[in-house]
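Good morning, and thank you for joining.

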Amino acid sequence: MKKAFVYTYYFLLTFFLFSATATAQTYSTPSSELVKVEDLWYKNIVIYNLDLDAFKDSDGDGIGDFQGLIQKLDYLEFLGVDAIWLAPFQPSPMEDNGYDITDYYGVNNRFGTGGDFAEFVYQAKKRGMRIITDLVINHTSIEHPWFQKAREDKNSKYRDWYIWSEERPDEWNEGMVFPGVQEETWTFDEKAGEYYYHRFYKFQPGLNMHNPEVQNEIRKIIGYWLTLGIDGFRLDAVPFIIEDPFSDNDDPDYNFDFITDIRSFVQWRRGDAIILGEANVLPEETKEYFGDKGSGMHMMFNFFANQHLFYALAAASPGPLKESLESTRDIPPVAQWAHFLRNHDELDLGRLTDEKRQEIYAAFGPEENMQLYDRGIRRRLAPMLNNRKQLEMANSLIFSLPGTPVIRYGDEIGMGDDLSLEERNAVRTPMQWSDDKNAGFSTADSTFRPVIDEGPYSYHKVNVQEQRQDQNSLLNWTARLIRMRKDCPEIGLGDWKILETGSPQVLAIRYFLQDKSVLVIHNFSEKPQQIQLTEGDAGKTLLSLQEQKTSKAGKQGSHQLKLEGYGYRWYRVKN
Ligand code: NOJ
């Protein structure tokens with residue numbers, strides 16, 4: 001009897017222990033053993049980034065809004081966009097394009113109401129599109145009621161929501177993110193009688209991430225937007241969120257647990273929601289950001305490859321890009337790189353040597369007014385390259401790198417920049433829809449930021465309407481490129497290998513996914529290149545995805561291919 005009891009006891013204990021482990025495994029963050037990579041939506045999509053105020057104005061006040069965006073969803077659908085990444089749209093004095101929030105739970109009335117936001121979510125979902133929004137939690141606006149209370153009352157609970165120092169810290173003028181514009185990282189606040197910390201502009205006081213109440217509030221913000229239908233967050237300024245502000249500026253201490261916590265919270269609330277991190281870090285540092293088996297961020301922008309890509313374009317040789325791809329290869333199977341050419345900020349070249357940066361400046365941003373923050377270029381892609389063939393090559397390349405491509409509104413029609421505008425606003429001018437008043441962006445007499453109405457990139461010459469009618473336009477070319485990319489899930493999901501081409505100017509990447517394989521080839525030089533690919537590397541037969549052409553391996557077991565200057569080829573490999 002006693003024995004039977006003991007056995008039952010052990011049986012039950014083992015059963016409970018086993019099921020506890022099994023439960024823990026089932027509910028742990030997805031790893032490659034538990035989730036098929038094919039299930040991960042963010043691995044095989046095209047992301048389109050836009051600023052609401054610059055996209056489409058529906059009510060004639062000169063500012064783009066949610067209703068305007070809704071009107072243009074069919075356009076985005078035509079283009080082939082799967083996910084829209086919206087710049088911050090919450091209430092804000094807009095001193096940093098909305099990255100200075102005064103209410104995390106609202107909609108800035110310049111963009112419409114909460115109702116307009118919900119309409120947009122409905123209309124985007126109706127078209128099968130996902131929505132990613134910025135999550136700006138490193139700092140608030142200085143006008144946020146939390147900061148107002150914090151500065152006014154030392155005993156307010158909000159005081160500790162920010163980072164203060166009675167004395168001016170030794171590093172008060174170090175670690176500025178916007179050197180040349182921003183003068184300090186610790187600013188004295190008259191009302192508080194103390195210094196507050198801010199990595200960015202002084203109107204963006206840094207939140208104190210160590211405070212459990214702040215952490216709680218961040219969870220609430222995430223939960224709120226997930227409930228309202230957001231599919232993912234572009235997490236702003238990740239290294240600054242997790243750094244210890246009192247540690248050494250040049251070599252800060254980081255709290256990576258914070259990322260793991262946010263990831264678990266997101267996942268508990270909504271299993272397929274994602275975090276796309278903005279962290280311009282070195283390859284060796286990425287491991288901790290992605291976490292083990294995907295316990296960190298789902299995606300990160302590959303800033304490292306982006307900078308080396310531009311160096312490769314300037315040097316007309318893919319060597320530096322190849323190295324950067326190899327050095328960022330090793331990420332968890334459930335994680336993904338986001339690749340981009342340009343974004344809403346400056347082209348940040350801060351990870352390159354001075355010499356390399358100067359080479360890129362010479363090629364793409366030679367005038368001082370084109371450069372910014374001692375590290376980058378504040379130009380749009382089209383004027384930088386100023387060459388349709390190279391522009392196509394660069395776009396084709398970004399859609400064929402191992403990861404998920406992200407494009408910036410307007411780049412699909414080759415919009416230009418306005419260097420008379422301050423800092424990064426140069427690349428944030430209104431979308432050019434047509435040759436009508438204000439580029440068809442707004443019927444207002446004046447727009448919140450001027451439209452580009454002069455020169456080769458004026459809306460009279462570069463606009464959606466005209467390009468839609470022209471089969472050879474950059475717009476229709478981009479739409480075809482997106483279709484081609486969607487036909488190649490190998491790129492977003494598969495394994496990859498860089499092949500020998502016999503030409504230092506040409507990059508060939510082969511992708512493998514189960515029994516499928518594609519090969520993409522890009523010539524970085526303006527001169528034609530002859531390349532040779534062995535059958536062992538490139539397979540027996542290459543079926544072009546761009547035209548009715550097939551290459552069969554010759555007698556010596558190799559493919560001889562000729563690429564025109566800045567030529568690119570996409571092939572399906574058949575054996
Ligand atoms: C990064 C964003 O991309 C940039 O536009 C912004 O100014 C800073 N974070 C501060 O939020």
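A polar side-chain atom of Asp 236 is placed 2.7 Å from an oxygen atom of the ligand; I count N or O atoms within 3.5 Å as a polar contact. Taken alone, the ligand exposes 290 Å², and the protein buries 98% of that, with accessible areas from the Shrake-Rupley method and a 1.4 Å probe.

Please note that this is a predicted model, in which local features need pLDDT of at least 70, side-chain atom pairs count only at pLDDT 80 or more, and totals for chains, interfaces and linings use all residues. Residues are numbered from 1 along each chain as its sequence is written, and side-chain values use heavy atoms, with hydrogens and water left out.

Now to confidence. pLDDT, the predictor's confidence in each residue, runs from 0 to 100. The chain has a mean of 94, and 94% of its residues reach 70 or more. Among its elements, helix H1 (residues 2–27) has the lowest mean, 41. Over residues 1–31 pLDDT stays under 50.

Finally, Val 37 lies in the loop between H1 and strand E1 (47–50). Its C-alpha is 9.6 Å from that of Gly 492, although 455 residues separate the two in sequence.

Note on methods: Helix = DSSP H or I, 4+ residues; strand = E, 2+ residues; numbered from the N terminus. Contact = heavy atoms within 4.5 Å. Polar contact = N/O pair within 3.5 Å; in protein donor to acceptor, adjacent residues only side chain to side chain.
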